[in-house]
Amino acid sequence: ITVNADSTIIGGTGKGAGVGFLDGATNTLANAGLITDYGKTVGLALDKDRKLIGTGWIDGLALYGTAGSEAVTNTNLVTGSVKLGTGLNTFDNRNGAWFVTGDTVQLGDTAAHLFSNSGNMTIGGINRVFTTNETGYFNQKADGTYLLDFDFDRNANWGGTTLAAALGLDNPGFTDLLNVSGMADLAGKVSINILNPGKATPGT
């Protein structure tokens, strides 16, 4: 499947998905457009002028697979969860592309089930503290950027586990989390977006 640069694919509600694969031995998706799925919560990213834009719905299912193997290449924009099937599945987020995650990235449980980021990856979108669970391995390359939200408001209600809590530390605030079931190999950049800086306390 090839999605051209001037194309937008929006999946339906309920059990719909932006792009779905039904079986097949070796399936490929080359996305140069926008793929998302209808939901209730819009994820934000940055356009070429570094202005915030809506990218689709993070509570939707962008990509879905069953028994086949899927190789996904993204050169523009994917927003939402990714739930691929039982085959050998990979996701390559290329330089300049954006992946705005939903709560799930499901690839598989071996080193071959790899999410590779050479572009921009934001957990739940910019200005939202969010948690994504990835089943698979994660590799951020030297030209990749991981965009991280950090909220200094200790009383904020983001509804997720804080990084501090996960590490057994006192809570200095709330931050995005990417939980990876396999190994994570990290290079490139981490870009931190501070929320409520006036709530910072001494020592945080």
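Is T55 buried or exposed? T55 counts as buried, because its relative accessibility is 2% and the cut-off for buried is under 20%. This report starts from that residue and then widens the view. The model is predicted.

**Around T55**

T55 sits in strand β7. Its side chain makes a polar contact with the side chain of T79, at 2.9 Å. Leaving aside neighbours within four places in sequence, T55 is in contact with L34, T36, V42, G43, L44, A45, L77, T79 and V100.

Together β6 and β7 form a hairpin, with 5 residues between them.

R50 lies in the loop between β6 and β7. Its phi is near 65°, a positive value in a residue other than glycine. Most residues other than glycine have a negative phi. R50 is exposed, with a relative accessible area of 59%. N196 also has a positive phi, near 50°. N196 lies in the segment after β21, which spans 189–195. At 38% relative accessibility, N196 counts as partly exposed.

**The whole chain**

How many helices and strands are there in the protein chain? There are 1 helix and 21 strands. The radius of gyration is 17 Å, close to the 17 Å that the globule rule gives for 204 residues, so the chain is as compact as a globular protein of that length. Along the principal axes, the C-alpha atoms fill a box of roughly 55 × 35 × 35 Å.

Buried residues make up 46% of the 204 residues. Contacts across the sequence can be counted too. Of the contacts with a separation of 6 or more, 57% are between residues 24 or more positions apart.

**The open sheet**

7 strands form an open sheet with parallel pairing. Their order is β1-β4-β9-β11-β13-β16-β20. β1 (2–3) and β20 (184–186) stand at the edges. Each has a single partner strand, so one side of each is left without a neighbour in the sheet.

**Nonpolar cores**

In soluble globular proteins, nonpolar side chains tend to be buried together. Here the largest nonpolar core has 22 residues. Those with the most contacts inside it are L29, I35, L63, F91, F99 and F115. The elements that give two or more residues to this core are β8 (61–64), β10 (77–83), β12 (98–106) and β17 (145–151). Apart from it lies another core, of 8 residues, among them I58, L77, I126 and L147.

Which residues does F91 touch, not counting those up to four places away in sequence? F91 touches L63, V72, N74, V78, V82, F99, L107, L114, F115 and S116.

N93 is found in strand β11, residues 90–93. At 0% relative accessibility, N93 counts as buried. Not counting residues up to four places away in sequence, N93 touches N74, W98, F99, F115, S116, N117, S118, G119 and N120. N93 and D143 are 50 residues apart in sequence, and their C-alpha atoms are 11 Å apart in space.

Side chains of opposite charge can pair when their charged atoms come close. The count for this model comes to 1 salt bridge. In it, the side chains of D92 and R94 meet at 2.6 Å, N to O. D92 counts as buried, at 19% relative accessibility. R94 is partly exposed, with a relative accessible area of 39%.

**Accessibility of selected residues**

| Residue | Relative accessibility | Class |
|---|---|---|
| N93 | 0% | buried |
| T55 | 2% | buried |
| D92 | 19% | buried |
| N196 | 38% | partly exposed |
| R94 | 39% | partly exposed |
| R50 | 59% | exposed |

How values were computed
Residues are numbered from 1 along each chain as its sequence is written. This is a predicted model: local features need pLDDT of at least 70, side-chain atom pairs count only at pLDDT 80 or more; totals for chains, interfaces and linings use all residues. Side-chain values use heavy atoms; hydrogens and water are left out. Two strands pair if DSSP finds at least two bridges between them. Helices (H or I, at least four residues) and strands (E, at least two) are DSSP runs, numbered from the N terminus. A nonpolar core is a set of buried Ala, Val, Leu, Ile, Met, Phe, Trp, Tyr and Cys residues joined through side-chain atoms within 4.5 Å. Buried means under 20% relative accessible area, exposed over 50%, partly exposed in between (1.4 Å probe, protein chains only). Contact means heavy atoms within 4.5 Å. A polar contact is a pair of N or O atoms within 3.5 Å; within protein, one must be able to donate a hydrogen and the other to accept it, and residues adjacent in sequence count only if both atoms are side-chain atoms. A salt bridge is a side-chain nitrogen of Lys or Arg within 4 Å of a carboxyl oxygen of Asp or Glu. The radius of gyration is taken over C-alpha atoms; the globule rule is 2.2 Å times the number of residues to the power 0.38.
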